[in-house]
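Reader: Could you take me through the features of this structure one at a time, giving the general idea before each case?

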Amino acid sequence: MVAADAAKDLATARKERDMSHRVEVLRAINNGEDEDEDGETIVYGSALFEDGQYHSNKNLWDIALEQNSSNICRLADLRDCHICAGGGFPVATLDDTLQNNAMFEGSIDDVSEGDSCQVSFCFCPHATWLVFLIHGWPREEWETIMMERNADETQHLVSFMVDDVAVQYPDATVEFKNVTFTVTSIHGALKRLLPPKRKEEVRADRDRRIAEEVAERDWQEVVRYVESTLRDRGNFGHIQLEMILRLLSVSNVKKRTDAVDRKILRIITACEQSGAFGFDDIKTIMERLLHYLEENPEMWD
């Protein structure tokens, strides 16, 4: 009996702890004034803050929301939705009728999941983003709207969706996908709420992706230099470019340096002097070049 009570208390404590760490999109009818104070809060999507990860932009913390299958948000109710944290404390609201509400802007994104329309909202002052899908709005209509709406209309997107689209398509629904914060505005939460192991994981993932992006940028500088040099010497061709890049990759070249630039010039010169560029298949070009370099090793070293 004691063990059962202890397990129950532990489960309750864990649930309360998780609640305080959750980021949620919930519904507050008429900004909460018409809520039944004893009724359950309508939560459409939620996730633990620490389950987020650094976005492709490392200055953003992205939280993928888990949908509440028992509560589906109608597009007509979008204006009643709020982003909340810590058990219900408001972070941002989609109610565009509130006086003195922080400014926010929305856009229909040029991406989609099937026929569903993806929409993004950015809220001031701390640049919090909310991304959701609209189901039940015909693709041909939202694609037309996406192309026709201009920047001056973005701040009125909630009004358009609730007062126009939802009226025309009353069965349209919303699926909340992500909430994203700027890292600078939540650095305290990142320090305190992430367990040590999770903190190590997300930082390692962030640093790995940063390193990969830097390596890719460095390599693209090499590619651009090889391409421009070939063009300047009147020898550009995709086969020639591919062959030289292969040689550089085999040589473990990863970024431009003065020594690498000199090596590239020597390889191009060797191709010219060997007549390798006179062929149109990479195998023959490579065989001709390698034979030449065997006889003239100073062109490679």
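Author: Let us begin with burial: a residue is called buried when its relative accessible area is under 20%, exposed when it is over 50%, and partly exposed in between, with a 1.4 Å probe and protein chains only. The model is a predicted one, in which local features need pLDDT of at least 70 and side-chain atom pairs count only at pLDDT 80 or more, while totals for chains, interfaces and linings use all residues. Residues are numbered from 1 along each chain as its sequence is written, and side-chain values use heavy atoms, with hydrogens and water left out.

Reader: Which side chain of opposite charge is nearest to Lys 199, and how far away is that side chain?

Author: In general, side chains of opposite charge can pair when their charged atoms come close. Lys and Arg count as positive and Asp and Glu as negative, with His and the chain ends not counted, and a salt bridge requires a side-chain nitrogen of Lys or Arg within 4 Å of a carboxyl oxygen of Asp or Glu. Lys 199 is buried but has no salt bridge, the nearest side chain of opposite charge being Glu 200, 9.1 Å away. If residues up to four places away in sequence are set aside, Lys 199 touches Leu 190, Lys 191 and Leu 194, where contact means heavy atoms within 4.5 Å.

Reader: Where does Lys 199 lie, and what covers the buried residues of H5?

Author: Helices (H or I, at least four residues) and strands (E, at least two) are DSSP runs numbered from the N terminus, and Lys 199 belongs to helix H5, residues 196–232. The 37 residues of H5 reach 54 Å from the first C-alpha to the last, close to the 54 Å expected at 1.5 Å a residue; the expected span is 1.5 Å times one less than the number of residues. Among the buried residues of H5 are Lys 199, Arg 209, Asp 218 and Tyr 225, and the cover over the buried residues includes strands S3 and S4 together with helices H4, H6 and H7. After H5 comes Gly 234, whose phi is positive, near 75°.

Reader: What is the strand order in the open sheet, and which strands stand at the edges?

Author: Strands of a sheet pair through backbone hydrogen bonds, either parallel or antiparallel, and two strands are taken to pair if DSSP finds at least two bridges between them. Here an open sheet of 5 strands has the order S5-S2-S1-S7-S8, with antiparallel pairing. Strands S5 and S8 stand at the edges, each with a single partner strand, so one side of each is left without a neighbour in the sheet. Strands S1 and S2 run antiparallel and are joined by 6 bridges, with Leu 26 standing opposite Val 43 in S2.
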